[in-house]
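Try each task before you read its solution.

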Amino acid sequence: MTAPLVTLVQGSSRGIGLQFCKALLLRKPNTVVIATCRSPEGAMDLEALRSQDPHRLHVLKIDVTQESHIEAAANYVGDKFGRLDLLINCSGMLHPSGRGETSLKDVTMQGLAETCATNAFGPLLMGKHFGKLLQKGTGAGHQSPDVKLQHAGVLANISAKTGSITANDLGGWHSYRLAKAALNMATRNLAIELGRGKNRVICISLHPGNVDTQLSRPYHKNMKDLMSTEQCVDKLMNVMDGLNIEDSGKFYNYEKVLLPF
Ligand SMILES: NC(=O)c1ccc[n+]([C@@H]2O[C@H](COP(=O)([O-])OP(=O)(O)OC[C@H]3O[C@@H](n4cnc5c(N)ncnc54)[C@H](OP(=O)(O)O)[C@@H]3O)[C@@H](O)[C@H]2O)c1
């Protein structure tokens, strides 16, 4: 029996992150999923999933704004598995109020700081602490037959098209736009630093589309093409399964259309 694929979903209590855990367990039978969230005791859907498959799903606490949680989880994964094949950063918030700012008068230091910490700073620190384990990763289950395109682990940051500076024609949502633009910069920097040497990690940003979750709920009335979490994650997993090292540092949507930063 080959060694299991070791995967970690950060921000997995609900929404897209929770669905990633379900899909990884279902689609990749020889996979261990480490699901992290800030309050495991309150994450009932995740706990129900864990109780169905306690050998393959491990739940750890990470509030992504707390570097000590990230470091402790990286030590746990290092001690138990010695490597990481796939890391998906899902944590996100529009704004602590639950709604993006529509005007400058709504912008506050606290709103900016919390939104950026959750969407961008935490995911970058995940790269800092899990980078070495990803460099020992074996390619997230898919590897190009061309040696030049092969890679070690995969780090996927769930970003948003709203964070594209080029595509911003509407303004508003100051904290979220800033945070996702910063996350995209983190992706590029991670791709450069973890892409050096022999064991190159693929680092990408992914736009999941408009997805029916708690985060997007206040805006569903105006949203076209709303997808379920199942539809979205199915598409994102297809994108991830087809990656090679030349994709690293890029920003793709759920259909692998390249998006501008
Ligand atoms: N839904 C969409 O249409 C859409 C569109 C574009 C991008 N996205 C992105 O997709 C990702 C997932 O969002 P979602 O739509 O699934 O929304 P969601 O259902 O609201 O889930 C957000 C997740 O982030 C977690 N989180 C928040 N703060 C955290 C922290 N400090 N530490 C760890 N986890 C934290 C939440 O955990 P708690 O349960 O602890 O709060 C929850 O699991 C986000 O990055 C979001 O920006 C979503």
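A charge sits over a ring if NZ of Lys or CZ of Arg is within 6 Å of the ring centre and within 35 degrees of the ring normal. Keep in mind that the model is predicted.

**Exercise 1. Charges over rings**

Task: find which ring lies under the charged end of Arg99, and which one lies under that of Lys256.

Solution. Start with Arg99: its charged end sits over the ring of Tyr219, 5.3 Å from the ring centre. Then go to Lys256, whose charged end is placed over the ring of Tyr252, with 5.2 Å to the centre.

**Exercise 2. Aromatic pairs**

Task: work out how many aromatic pairs the whole structure holds, and classify the pair of Trp173 and Tyr219.

Solution. A search of the whole structure gives three aromatic pairs. For Trp173 and Tyr219, the ring centres are 4.9 Å apart and the planes make 55 degrees, so this pair is tilted. The pair links distant parts of the chain, 46 residues apart: Trp173 belongs to the loop between β5 and α5 (174-193), and Tyr219 to the loop between β6 and α6 (229-241).

Next, check accessibility. Buried means under 20% relative accessible area, and exposed means over 50%. With 21%, Trp173 is therefore partly exposed, while Tyr219, with 14%, is buried.

Now take Phe251 and Phe261: their rings are stacked, with 5.9 Å from centre to centre and 10 degrees between the planes. Phe251 is in strand β7 and Phe261 in the segment after β7, so the pair ties together parts ten residues apart in sequence. Phe251 is buried at 1% relative accessibility, whereas Phe261 is partly exposed at 32%.

Finally, look for a cluster: ring pairs join Trp173, Tyr176 and Tyr219 into one.

**Exercise 3. Two loop residues**

Task: locate Arg56 and Asp169, then describe the surroundings of Arg56 and decide whether Asp169 is buried or exposed.

Solution. Arg56 is in the loop between α2 (44-52) and β3. The side chain of Arg56 reaches two backbone oxygens, that of Lys28 at 3.3 Å and that of Thr31 at 3.5 Å. Leaving out residues up to four places away in sequence, Arg56 touches several residues, including Leu25, Pro29 and Val33.

Asp169 is in the loop between β5 and α5. The relative accessible area of Asp169 is 72%, so this residue is exposed. The C-alpha atoms of Asp169 and Val33 are 39 Å apart, with 136 residues of separation along the chain.

Definitions and conventions
Residues numbered from 1 in each chain as written. Predicted model: local features only at pLDDT ≥ 70, side-chain atom pairs only at ≥ 80, totals over all residues. Heavy atoms only, no water. Helix = DSSP H or I, 4+ residues; strand = E, 2+ residues; numbered from the N terminus. Buried < 20%, exposed > 50% of the residue type's maximum accessible area, 1.4 Å probe, protein only. Polar contact = N/O pair within 3.5 Å; in protein donor to acceptor, adjacent residues only side chain to side chain. Contact = heavy atoms within 4.5 Å. Phe/Tyr/Trp six-rings, centres within 6.5 Å; stacked < 30°, edge-to-face > 60°.
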